[in-house]
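The following note sets out numbered comments on the model shown below. Each point takes up one feature or one group of related features.

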Amino acid sequence: MKTAPRFSMLVVIAALALAGCAPAAAPSAAPTPSASVTPTPTPTPTPTRTPDPLAGMSLSDKVGQMFMVGTSVEGANPTTLAAVQNDHIGGIFLHGRSAAGAEATAALVQGFTSVVAAGQPPLWVATDQEGGTVQVLSGPGFDDIPSAVRQGQQDDASLQAAATTWGAQLASAGVNMNLAPVADIVASPDAAASNPPIGALAREYGYDGATVAAKVGAFAAGMRAGGVLPTFKHFPGLGRVTENTDTRSGVTDDTVTADGADVGVYSSVLPQGPGVVMLSTAIYAQIDPSAPAAFSPAVVGVLRDRVGFDGVVTVDDLSAARQVQPWSPADRATLAVDAGIDLLLVSADPSVYAEMHQAVLARAQADPAFAAKVDAAVRRILAQKASMP
């Protein structure tokens, strides 16, 4: 039997394998082409609808959100308490002067917030905590705040740090909105005495736009850091009038223009963070000589269109200020809404609130265009409330 040649061949193959030179494998057969597959189209996702914040709100509730009504800081005003409970108003304003301290203020505020109905938007609780002669709340838990003139002498970082403390003190007492800072420009220190609402009370931060914008911005940033929404006032500027709208009627400013430094302060500070803007009730001859700013679509238009502000616009007191007394309470409210005001301040005399509320409600029921303004205002108010801590 001859086996040597076969063995020899096996040896050769083994040797080649050990040397890494094994013969290459035979090529595999070419794959059979598969049928073309059409990809399944990806469905276009359906956009998620943002819930309408006005859904489920009655017209009366919408109108209620447009009012901020005053109460004495010494005790709950029954009219204001009923407005919170029954009309679901947007906010209350602590009016007067109190040295009772933060604990007493918190108890007062709790009496109002406790009657906010379930499901209703949170209540704005506001006051005037500027400093100097305009400081509603003092006593234990509240610092004595210097006037704006003295605040303006601090560097920006120091002022912001101090305002953060003042804001935190307000927040601890339940106050979540401050009707400050004052953004008005007074012409000069020498002119201050002839400007009763601002300069005579040392409420100005400075005498030029850049200085006022810097200090107002620092104060507002501190309020936000302390948990309080600032309110810039009094658009388009109240630092150049020679009479006080609280105590005189027909008060007219002949100086402020739509493109001047006074309006420029707002263009500087409003992009820096959340805030509300308060309109003056003076007449501005260079913008609209026909009506107080609070009733003027032209003045509101400067704020909306030239400055570009799309937030909440409020107004100086529409209840007791002498400047607005020639108009009935009903007309004050409807004229302001027609002009584009979102939040109506009825701070000093809550007794006129009911007439104002009824007038706005009745006009909205009868006039679709007016009702649309109500809706737009309430959307801005609810958006601002939703963005707060």
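1. Lys 215 and its contacts. Beyond its neighbours within four places in sequence, Lys 215 is in contact with Gly 152, Gln 154, Asp 155, Asp 156, Leu 159 and Tyr 205, where contact means heavy atoms within 4.5 Å. The residue belongs to helix α7, which spans residues 209–225; helices (H or I, at least four residues) and strands (E, at least two) are DSSP runs, numbered from the N terminus. With a relative accessible area of 10%, Lys 215 is buried. Here buried means under 20% relative accessible area, exposed means over 50%, and partly exposed lies in between, with a 1.4 Å probe and protein chains only.

2. Basis of the model. The model is predicted, and for this reason local features need pLDDT of at least 70 and side-chain atom pairs count only at pLDDT 80 or more, while totals for chains, interfaces and linings use all residues. Residues are numbered from 1 along each chain as its sequence is written, and side-chain values use heavy atoms, with hydrogens and water left out.

3. Overall composition. The protein has 12 helices and 13 strands. Of its 389 residues, 50% count as buried. Among contacts with a separation of 6 or more, 75% are between residues 24 or more positions apart. The accessible surface comes to about 17,400 Å², and 57% of it belongs to carbon and sulfur atoms; these areas come from the Shrake-Rupley method with a 1.4 Å probe, and for residues only the protein chains shown count as cover.

4. The sheet. Eight strands form an open sheet in the order β12-β9-β7-β6-β3-β2-β1-β13, with parallel pairing. β12 (313–315) and β13 (344–346) stand at its edges, each with a single partner strand, so one side of each is left without a neighbour in the sheet. Two strands pair if DSSP finds at least two bridges between them. Strand β9 (residues 276–279) is joined to β12 by 3 bridges, and the two run parallel. In this pair, Leu 279 is placed opposite Val 315 of β12.

5. The largest pocket. What volume does the largest pocket have? It holds about 500 Å³ of space. Its lining has 26 residues, and Asp 128, Val 134, Arg 203, Asp 246 and Asp 316 lie nearest its centre. β2 and β7 are the elements that give two or more residues to this lining. By class, the lining residues divide into 12 nonpolar, 6 polar and 8 charged. Ala, Val, Leu, Ile, Met, Phe, Trp, Tyr, Cys and Pro count as nonpolar, Asp, Glu, Lys and Arg as charged, and the others, Gly among them, as polar. On a 1 Å grid over the protein atoms alone, a pocket is an open set of points with protein on both sides within 12 Å along at least five of seven lines, a cavity is a set of points where a 1.4 Å probe fits but cannot get out, and lining residues have an atom within 4 Å of a point. Grid points are joined across faces, edges and corners, and a volume is the space filled by probe spheres set on the points.

6. Cavities. The whole structure contains 2 cavities of 30 Å³ or more.

7. Backbone geometry to check. Most residues other than glycine have a negative phi, and most peptide bonds are trans. The peptide bond from Ala 180 to Pro 181 is cis, with omega near 15°, and Pro 181 is placed in the loop between β6 (177–178) and α7. A cis peptide bond also joins Lys 233 and His 234, with omega about 5°; His 234 is in strand β7 (residues 229–235). Phi is positive, near 55°, in His 88, and this residue is in the loop between α3 (78–87) and β2 (91–95). His 88 is buried, at a relative accessible area of 15%. Ala 202 has a positive phi near 55° and lies in the loop between β6 and α7. Its relative accessibility of 24% makes Ala 202 partly exposed.
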